[in-house]
Amino acid sequence: MQGLRLLLGLAVALWGGASAHALTAEQARAMASGDTDARVAALGAAAATADPALAAFAQALLDDAVKLTPALVLVVKGDTAVDASTGAPATLPADAEDVVNNNRMRGALQAAVASLRLLDTDPAVRAAAVAELAKTPLEEAQLPLIDKALAAEADAGLKAQLTRMRAGLLVASSDPAKRLAAAQALGESDESQVKALLMERLADGAETDPAVRSALRVALDQVSSRLVWGERLGVVFTGISLGSILLLVALGLAITYGLMGVINMAHGELMMIGAYATYVVQNLFRAHLPGAFDYYVWLAVPVSFLAAALVGALMERSVIRWLYGRPLETLLATWGISLVLMQSVRTLFGAQNVPVENPSWLSGGVAVASNLTLPFNRIAIIGFAFLVLGGVALLIARTRLGLFVRGVTQNRRMAACMGVNTARIDTYAFSLGAGIAGLAGCALSQVGNVGPDLGQSYIVDSFMVVVLGGVGQLAGTVVAGLGLGVLNKLLEGWAGAVLAKIMVLVVIVVFIQKRPQGLFAMKGRSAEA
Amino acid sequence: MMSQPAPRTTLLSPTGWTAVAIALLVVTLVVPVLNLAIPDGSVFHLSDYAVALTGKIMCYAICALAMDLIWGYTGILSLGHGLFFALGGYAMGMYLMRQIGRDGNYQSDLPDFMVFLDWKALPWHWAWSDSFAFQMLMVVLVPGLLALVFGFFAFRSRIKGVYFSIITQALTFAAMLLFFRNETGFGGNNGFTDFKRLVGTPIAVPSTRMVLFVLTGLVLIGFFLMARAIVTSKFGRVLQAIRDAESRVMFTGYDPLAYKLAIWTLSAVMCGVAGALYVPQVGIINPGEMSPAASIEIAIWAAVGGRATLIGPIVGAFFVNGAKSWFTQVVPEFWLYFLGALFIAVTLFLPNGLVGLVGQLRRKGKKEAAP
């Protein structure tokens, strides 16, 4: 690395020497000596001419390789020294002074090196330089540099970032007139970073001039009003995203609880099984089919369904079968099952969370507004939830199995008289509910942590959805799931996550006062169970 | 919807019940003697650990008894009783925190966690926390009022069965989230600990511990006798009628709301008192006590021992918690397997719990002896 830098430095120095004094001796001296204000100003002025030799010199200053003699500014490379402006070899006098840079000067130098890279022909290098500049504290003296880069920049995204950087510099300028102009210019923006910048300037003590202050306030209002739709849409989107997850979780419950009357406290653990099945499929793909890793999700979906459905069938055959019609007992027994499942997963996979990676086509997102990016994985889950919903609705309403399930739910003995094998239908229906929980777990693995406690955090919410939606009603589950999701996120923005949860709970309790059977009550005598 | 009706043979004759009460009383009195008066080396000496464990389990037994009144006799399964237990514990804990005085790590008048949060004064709900009488009132009032208000709204709209269970679970879950927050002023997820003294006397010395132990035992016996009086009274008969057929109770002219609300509030207060006795003996209270899992465990104590038997839940609390302390010492990784299997086995094979099993065996024995 050091060798490479030396070669580069030499090359630049040689080239600089050839191209007729790109960096004058006066400039070099001004940057290397004197008080910091003057040096930063000189650096900015030199950068405005965008001399490639400057980059090497600034780097040398950063490396503490520059020494001063009364006559010359020398760059020391190992044992040899060269003149900073001409590149001619020179002898290093014993009394040469070291150039000392304070932190401010260092920051300015780093910014200068980065901003010179702003003029690179490779857009990736320019983007990296902009990102680096955004991190370093800039000073007004460096303005010419950014102006220059801005004039040359062709990429719209980088141009916008540079414009914002420039405005940020100007709005903190020492000249009130410039600050005023900058504040007015910032009002045209629609970016959330600008809003943060304006709020920072409006904070106590940052801006003292009343005219500028009022201009800042006007600008802030303008920006906020432009941003407000993005923010509102963002809240609605996260709400729908949460709602779609709740919907997925509650769909399985709507079958096991709503149709079969079984309180399945192990529902969350069936989700966890689905998520771990996804994890296992992911690992198998990584080990054996690394080329097809992006498509592991397509296999993970059916595998997680089958894994959870199998465990569900075992549960139904071994335990739940004996407890039909005694919901409080099923509650306790399935809680016991959930403890056993959780502990088994801890024994098999360890108590720590396991990493599940998004396939590349699910990472990233689509930018809808400057302050709103919708992640692909959440969009996919919303679509997935509605696909599963459609599938379940079709299954219940249109297939033979669905007919049998409805028949057994409405009148078990009559269904049995008609020749329906009710015991088998129970197993199928419960496995279906469990399998859907597995699908929910597969979806969750794409957005959250996968660990033994995964199911626990959703179980209370998902029962709320079923209770609110009304037992035995898919439509109620949909409305309640999405409604609770959006309501939760709206309240969260207003009152914080914990209070929002408590308020939602209170809303549900009050709501049930008015409609004890939920949103969509079953009509007729079946209501009194 | 109904819970399995227990066979209506009396479990014990009146003399039998008296014997149980006397046995409990003897245990409460004998344990201190075995712990304090018998020297360390003797076979009959009870270690401090055993005494602390028994004291703790007696607090749990009070909860199980409270659960039996509301679940076993009234048919309402609460999955939020841990909340009332924790509220009673927190009320006691606030007083104990103030009793630390300036002996905390920061030598401040404020409890350590408040100094740590850089609070300058006590928040409003701590205003009278240095008064023992006031906090003891809170031990009863806070769980009682919460249960009264919550129960009024829930029972008025006839939320029952599983719906009620799930809503109580959500209630304790929400409360746990609230207490986890530092802003609530209850020490966040660390809760209260490091207690130094109780009404001026050091809390860790054997005599204080023994007083607490005996007190817990006496409260347990008191509650047991009270519960016994309730379930044999007319009030208790209405409760059991509500459990077995609520609509028929309404048709005969009773309003179940008042009955349910009364037993529900009483049950919550019993849990609050248990929590207040638990905290000084165990030395810590944190929001973990409000987790849904803690509440559902109370239900399993009652179920294991046998619902609607009064003595069963106490037996269940001792059995399950005894097993828990044995498992967590010897084979900790198997504890959850055991607990899970216990949940399943009791609901499948022992609908009347351990006490019911004894009754079954005895009837079987009688039948074989008769011919």
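This is a predicted model: local features need pLDDT of at least 70, side-chain atom pairs count only at pLDDT 80 or more; totals for chains, interfaces and linings use all residues.
## Confidence of the model

The model as a whole scores ipTM 0.82 and pTM 0.74. For chain B, the mean pLDDT is 85, and 94% of the residues reach 70 or more. Within chain B, helix α1(B), residues 14-36, has the lowest confidence, with a mean of 74, while α10(B) has the highest, at 94.

Chain A averages a pLDDT of 80, and 89% of its residues score at least 70. Among the elements of chain A, helix α1(A), residues 2-18, has the lowest mean pLDDT, at 47, and helix α13(A), residues 296-318, has the highest, at 93. In residues 6-21 of chain A the pLDDT stays under 50, and the model has 20 contacts beyond four places in sequence for them. Residues 524-529 of chain A also stay under 50; for these the model has four contacts beyond four places in sequence.

## Overall form of the chains

Chain B contains 14 helices and four strands. Its radius of gyration is 21 Å, close to the 21 Å that the globule rule gives for 371 residues, so chain B is as compact as a globular protein of that length. Taken along the principal axes, the C-alpha atoms of chain B fill a box of roughly 75 × 60 × 40 Å.

For chain A, the domain assignment gives domain 1, residues 2-198, and domain 2, residues 235-452. The centres of these two domains of chain A, taken over C-alpha atoms, are separated by 57 Å.

## A helix pair within chain B

In chain B, helix α8(B), residues 234-244, meets helix α10(B), residues 256-282. Their axes come within 10 Å and cross at roughly 105 degrees. Angles of 65 to 115 degrees count as roughly perpendicular, and α8(B) is therefore roughly perpendicular to α10(B).

On the side of α8(B), the contact is made by Val238(B), Leu239(B) and Ile242(B). On the side of α10(B), it is made by Pro256(B), Tyr259(B), Lys260(B) and Ile263(B). By class, this contact has six nonpolar residues, no polar residues and one charged residue.

## Where the two chains meet

Which helix of chain A packs with α6(B) at an angle of about 40 degrees? The partner is helix α14(A), residues 327-349, and the two axes lie 9 Å apart. The angle makes α14(A) oblique to α6(B).

Chain A contributes Pro327(A), Leu328(A) and Leu331(A) of α14(A) to this contact. Chain B contributes Gly161(B), Val162(B) and Ser165(B) of α6(B). By class, the contact of α14(A) with α6(B) has four nonpolar, two polar and no charged residues.

Technical notes. Residues are numbered from 1 along each chain as its sequence is written. Chains are lettered from A and ligands numbered from 1 in the order in which they are written. Axes are lines fitted to C-alpha atoms, for helices over the stretch in contact, and angles run from 0 to 180 degrees between N-to-C directions. Helices (H or I, at least four residues) and strands (E, at least two) are DSSP runs, numbered from the N terminus. Angles under 35 degrees count as roughly parallel, over 145 as roughly antiparallel, 65 to 115 as roughly perpendicular and the rest as oblique. Two residues are in contact if their C-beta atoms, placed from the backbone, lie within 7 Å. Ala, Val, Leu, Ile, Met, Phe, Trp, Tyr, Cys and Pro count as nonpolar, Asp, Glu, Lys and Arg as charged, and the others, Gly among them, as polar. pLDDT is the predictor's confidence in each residue, from 0 to 100. Domain bounds come from an automatic or database domain assignment. The radius of gyration is taken over C-alpha atoms; the globule rule is 2.2 Å times the number of residues to the power 0.38.
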